[in-house]
Amino acid sequence: MKLQLILTLVFLIVSASVAADYVRPLPRKALQFPWDPKSSQPQQVHISLAGDKHIRVTWITDDNSSPSIVEYGTLPGRYDNLAKGESTSYSYLFYSSGKIHHTVIGPLEDSTVYFYRCGGQGLEFQLKTPPAQLPITFAVAGDLGQTGWTKSTLDHIGQCNYDVHLLPGDLSYADYIQHRWDTFGKLVQPLASTRPWMVTQGNHEKENIPLLKDGFESYNARWKMPFEESGSNSNLYYSFEVAGVHIIMLGSYTDYDKYSEQYRWLKTDLSKVDRKKTPWLIVLFHVPWYNSNKAHQGEGDDMMAAMEPLLYAASVDLVLAGHVHAYERSKRVNNGRSDPCGAVHITIGDGGNREGLASKYINPQPEWSVFREASFGHGELKMVNSTHAFWSWHRNDDDEPVKSDDIWINSLVSSGCVDKKGHELSNLLMTP
Ligand SMILES: [Fe+2]
């Protein structure tokens with residue numbers, strides 16, 4: 001009898017492990033940050049691209065008299081250059097931010113390590129500028145937050161060799177508690193001070209209070225992106241070019257209909273893309289358009305209806321979104337179906353925030369959906385040359401080099417789609 005019981009148990013354990021070869025990890029707690037006394041030292045240092053050969057250095061000081069200067073050079077401790085910037089600050093109910101400094105440095109050499117110091121004092125940081133030409137590698141992670149899983153995602157990203165970080169929205173999960181913006185700034189500093197972080201906003205950045213606060217005040221003050229450099233009048237949508245890639249950041253929570261400023265700006269920006277100079281065209285925004293997870297189902301439909309025709313006509317190669325706390329990769333798609341001249345859509349909102357994973361999916365899996373899984377992780381996108389890019393997704397549960405999903409992507413330039421759709425784009429762009 002005993003033997004029978006043991007055999008039954010063994011059978012049950014073995015069959016369970018065969019049925020589910022991957023055991024999804026449990027959520028991890030929010031990180032605890034020790035109380036930090038006020039200090040005159042620069043803190044929360046991060047960098048972002050700010051036009052050709054220029055980088056914006058952003059940091060915060062508790063000391064209001066601290067100057068917005070960055071000293072920099074190519075040798076440690078020797079700063080041959082000095083740039084002066086601007087500063088801002090904001091109040092939010094009972095909270096007052098420190099002095100937020102934004103200083104653009106450059107022109108800088110490509111693929112070069114620079115040593116720099118903020119505000120004329122404190123620690124020396126170092127950054128590496130991106131290459132002038134392909135290849136270039138992007139790290140991609142959205143919906144980060146500040147939990148044990150966030151830390152794991154950042155550790156994994158820190159181990160990969162990348163040039164620029166792309167973040168499709170939901171950064172700190174401060175959610176009105178402003179000091180969480182400061183702890184997030186400290187958490188990401190080791191990575192964000194060394195490689196440009198290019199971000200767009202999610203719902204957790206809104207923090208609006210009716211009649212009291214407009215949305216995105218803290219986000220805009222702290223994470224200034226190169227919107228002026230790209231002809232946009234809002235920090236909530238902008239574009240930039242790096243090493244043969246044109247990247248457009250859109251705002252899922254900013255007006256996007258045909259008569260909106262964002263739509264008009266997008267049309268203008270797309271009309272300027274020169275595929276000889278930038279053969280790759282990538283778009284990021286927060287709320288996915290192609291999502292077969294039950295979470296946030298249909299939330300991107302209106303934006304998709306308004307803007308997908310523009311992206312399709314312009315032959316966008318790849319769309320990266322967040323919001324859904326899981327990973328999903330589509331085939332090339334347009335108008336809800338696979339289409340060889342459409343974009344590959346990837347949802348990568350699995351950076352590790354405190355809300356946990358979104359594990360329920362619509363079944364059967366839609367025809368356009370290739371790979372979907374609710375696990376924490378990050379993506380790496382290597383644009384190898386003008387025709388080929390390699391995308392890989394890395395679960396936090398695995399060692400960094402292990403890829404859980406990967407795909408070679410051929411550019412739409414090389415597939416002839418760009419030439420084929422040229423007239424379609426011109427027609428759309430000429431429509432008022
Ligand atoms: Fe979100």
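Reader: In this predicted model, which elements do the buried residues of α2 pack against?
Author: The buried residues of α2 include W149, L154 and I157. An α-helix has 3.6 residues a turn, so residues three or four places apart point the same way. The buried residues of α2 have as their packing partners β11 (136-140), α3, β22 (377-383) and β23 (388-395).

Reader: How far apart are the end C-alpha atoms of helix α2?
Author: Helix α2 takes in residues 148-159, which is 12 residues.

Reader: Which strands stand at the edges of the open sheet of four strands?
Author: The sheet has the order β1-β2-β8-β5, with antiparallel pairing. An edge strand has a single partner, so one side of it is left without a neighbour in the sheet. The strands in that position are β1 (43-49) and β5 (86-88).

Reader: What is the bridge partner of S87 in β8?
Author: β5 and β8 (residues 99-105) run antiparallel and are joined by three bridges. In β8, S87 is bridged to H101.

Reader: At what angle to β1 does helix α3 run?
Author: Helix α3 covers residues 179-192 and lies across β1 and β2 (55-61). Its angle to β1 is about 55°.

Reader: What percentage of residues 343-400 is strand?
Author: The unreviewed UniProt entry annotates residues 343-400 as "domain: Purple acid phosphatase C-terminal". Over these residues the end C-alpha atoms are 27 Å apart. The chain there is 0% helix, and its strand content is 45%.

Note on methods
Residues numbered from 1 in each chain as written. Predicted model: local features only at pLDDT ≥ 70, side-chain atom pairs only at ≥ 80, totals over all residues. UniProt positions renumbered as here; feature names shortened; annotations may be inferred. Helix = DSSP H or I, 4+ residues; strand = E, 2+ residues; numbered from the N terminus. Pairing = 2+ DSSP bridges. Contact = placed C-beta atoms within 7 Å. Axes fitted to C-alpha atoms, helices over the stretch in contact; angles between N-to-C directions. Expected span 1.5 Å × (residues − 1). Buried ≥ 20, exposed ≤ 12 C-beta atoms within 10 Å, placed from the backbone.
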